[in-house]
Structure formats: structure tokens, C-alpha cells
Amino acid sequence: MHREKDVRYDPKTGEQIVRDDVYADRPVERIVERPTIIKKRAGIGTWLGGLVVGILLTAGGLTLLANQQGSYQSAGAVVDEKVDSAERTARSTAEEAGDAAKTAGNKIENATD
């Protein structure tokens with residue numbers, strides 16, 4: 001708030017005329033610049049990234065579910081059974097090959113005698 005005092009004299013009468021004006025200060029105008037946010041459409045990279053994350057989350061959830069249900073344990077038992085079967089087959093095949101080699105060697109010895 002400020003005051004303005006104006007003192008004048010009347011030319012005809014010579015009286016002093018005092019004018020006292022009181023003014024309220026105008027509020028200070030503030031200019032605030034706010035950043036303009038321009039929303040950009042999601043590109044192919046955003047969609048592809050979301051798809052990859054979704055697939056990973058789904059695979060992780062299925063893995064966790066299978067682990068809790070015991071699917072891995074039964075799968076491990078099946079694998080152990082198959083490995084034992086393959087080991088027995090390989091051992092018997094090796095024995096048969098050894099026997100065949102021994103028989104062939106004996107036949108060669110007998111033929112040269």
C-alpha cells in the first residue's frame with residue numbers, strides 16, 4: 001500500500017488544497033512457465049518389450065506351478081529309469097560284441113591251425 005500526497009494552492013483564493021490518495025498495491029504478477037508434456041504413442045519397441053516380459057512372467061509362473069505340483073520329481077524318475085535302461089542295453093551290447101570278437105578270434109585261430 002502506498003500514499004500519494006498532492007499539495008496545491010487555489011489560484012483564486014490562495015487556499016492550500018491537500019489531496020491524500022491511498023492506493024493498494026497491485027498484486028505482483030508472476031509468470032510461471034510450466035513444462036509442456038507431450039505424450040508420445042508407444043512404438044514397436046514398447047510393445048515388443050511388454051510381450052517379452054509377459055512371456056517371461058508366464059514361463060516363470062508355470063515353472064513355479066510345476067515345481068509345486070511335483071512334475072519335476074516325476075520327470076526326474078522317468079529320466080532315471082530311461083538312463084538305467086540305456087545303461088543295461090549298452091552293457092549287454094558291449095558284452096555281445098566282446099563275445100562275437102572272441103568267437104571270431106577263435107575261428108581265425110582254428111582256421112590257421
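View A. The model is predicted: local features need pLDDT of at least 70, side-chain atom pairs need pLDDT 80 or more, and totals for chains, interfaces and linings use all residues. Numbering starts from 1 along each chain as its sequence is written, and side-chain values use heavy atoms, without hydrogens or water. L56 lies in helix α1, residues 44-69 (helices are DSSP runs of H or I with at least four residues, strands are E runs of at least two, numbered from the N terminus). L56 also belongs to a nonpolar surface patch, together with L48, L51, V52 and I55. The patch covers about 500 Å² (its residues have over 30% relative accessible area and no salt bridge; like charges are joined within 9 Å, nonpolar side chains, namely Val, Leu, Ile, Met, Phe, Trp and Tyr, within 5 Å).

View B. Helix α1 has 26 residues. From the first C-alpha of α1 to the last, the span is 37 Å. That is close to the 38 Å expected at 1.5 Å a residue (1.5 Å times one less than the number of residues).

**View C. Strand β1 around R3.** R3 sits in strand β1, residues 2-9. Its relative accessible area is 62%, so R3 is exposed. Even so, R3 touches D20, D21 and V22, leaving aside residues up to four places away in sequence (contact means heavy atoms within 4.5 Å). Y23 is 20 residues from R3 in sequence, yet the two C-alpha atoms are 6.0 Å apart.

**View D. The D6–R8 salt bridge.** The side chains of D6 and R8 meet in a salt bridge, 3.1 Å from N to O (a side-chain nitrogen of Lys or Arg within 4 Å of a carboxyl oxygen of Asp or Glu). D6 has 29% relative accessibility and so counts as partly exposed. A search of the whole structure finds two such bridges.

View E. E87 is partly exposed, at 40% relative accessibility. R91 is partly exposed too, with a relative accessible area of 48%.

**View F. D80 and G50.** D80 is placed in helix α2. Its relative accessibility of 48% makes D80 partly exposed. G50 is 30 residues away from D80 along the chain. Their C-alpha atoms are separated by 39 Å.

**View G. The whole chain as context for the close-ups.** The chain holds two helices and two strands. Read from the N terminus, the order is β-β-α-α. The radius of gyration is 51 Å, well over the 13 Å that the globule rule gives for 113 residues, so the chain is more spread out than a compact globule (taken over C-alpha atoms; the rule is 2.2 Å times the number of residues to the power 0.38). Along the principal axes, the C-alpha atoms fill a box of roughly 170 × 35 × 20 Å. Of the 113 residues, 2% count as buried. Among contacts between residues at least 6 apart in sequence, 3% join residues at least 24 apart. The accessible surface comes to about 11100 Å² (Shrake-Rupley method, 1.4 Å probe; for residues, only the protein chains shown count as cover). Carbon and sulfur atoms account for 57% of that surface.

Note on methods
Buried < 20%, exposed > 50% of the residue type's maximum accessible area, 1.4 Å probe, protein only.
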